[in-house]
Amino acid sequence: MTALFCPKCGKNTDVFYENVCKHCFIKDRKLLECPAVLFSKICPVCGSVYKRGKWSAREDENETIIECVKESSKFDNQISNLDLTLSAKQLDYSRYRVHIDAKAKIKGAPVEIEQDTEVRISWETCDTCSRIAGGYFEGIVQVRAEKRIPTKEELENCRNIAESVAARSQEKGDRLAFIAKTEELGEGTDFYVGSIKLGKQICRAIIEVFGGKITESPKLVGQKNGEDLYRITYALRLPEFVRGDIISVDDKVIVVQNSGKHVSGIDLETGKRFIENFNDLMQVKKLCRSQDAVSAVLVADEGNTIQVMDPDTYESITIKRPEFLSAEPGNEIKIVKTTKGIFVVPDNM
Ligand SMILES: [Zn+2]
Ligand SMILES: [Zn+2]
């Protein structure tokens, strides 16, 4: 067998890459090139990252740094089987050192490179945070309730809904989907929103959960590039009734379990379930709340009717036996006295 030589360096070799030995072949090739110092722009307020010419949502700082190195690295265009390891180490508030370890093949010849690069964060306030700081908003969502003050629970829920709607839109890249300010007032909550679109989305999401109505009122606030600029106020009204309200609907008396687009509850006379589209209800009136119920003695159970002792007059009153009643005669039950008569209230209401 004849010994083979590299024509370039003259050394013995069995394997040739483009007619030279491996050493000569990879000597002039660079697996990757990466600047020794790189810069990454991050918003100190919200953590948004500036990349590929625009601001985008916050991500893990370590990942941002790694990605910055990856994007700034130029790889030899003939590599295959790349095995790239990047590890970032924070040096101080604004500096990271990233160790690059890359293994690959160029035309089949194994090559490896190890290198350190430094990434410096330049802290710069993003477009959204600048807007918020400047008091910018395009709409106000005013959450109120029909003929009552919204409950604390409802307002808390609305706030959670508004914030998660904004977060979801921001994740999808809508930089104007921010809530600039949330004002809690005696009669409800006002959300100042960065875009009209977000205002609509929040209204829709709240109504999806609670039901209710919106009225929009646009107000001209100026002009931008020759176009009229509007600010829209969304007056959102949560439905009149909440869980636990006892209402009369036509000739029925209902304890409300859920109120939204539909009102559902229990018919207190029969004990049957009740559900109706809110807008289809004609004669609706609130009588009292289930919390207003008082204790009374169940005197007798006659199957279709029961006798209850009126706690004020000590008279026995006969009423229909609701399906949900499980108490035995002699037991105490909860009743409400309304303008429509006396009704038993289920224990769980
Ligand atoms: Zn050689
Ligand atoms: Zn920001």
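Domain bounds come from an automatic or database domain assignment. I looked these up for the protein: domain 1 is 22-123, domain 2 is 135-238 and domain 3 is 245-344.

I noted that this is a predicted model, where local features need pLDDT of at least 70, side-chain atom pairs count only at pLDDT 80 or more, and totals for chains, interfaces and linings use all residues. Residues are numbered from 1 along each chain as its sequence is written.

Next, overall dimensions. I find the centres of domain 1 and domain 2 to be 42 Å apart over C-alpha atoms. The C-alpha trace spans about 120 × 65 × 35 Å along its principal axes.

Then I checked secondary structure. I count five helices and 23 strands (DSSP runs numbered from the N terminus: helices are H or I with at least four residues, strands E with at least two).

Last, one helix pair. Helix H4 (residues 152-171) and helix H5 (residues 196-210) have axes that come within 9 Å and cross at roughly 135 degrees (axes are lines fitted to C-alpha atoms, for helices over the stretch in contact; angles run from 0 to 180 degrees between N-to-C directions). I list contacts (C-beta atoms, placed from the backbone, within 7 Å): among them, Ile161, Ala162 and Val165 are on the H4 side, and Ile202, Ala205 and Ile206 on the H5 side.

Conventions
Chains lettered and ligands numbered in written order. Contact = placed C-beta atoms within 7 Å.
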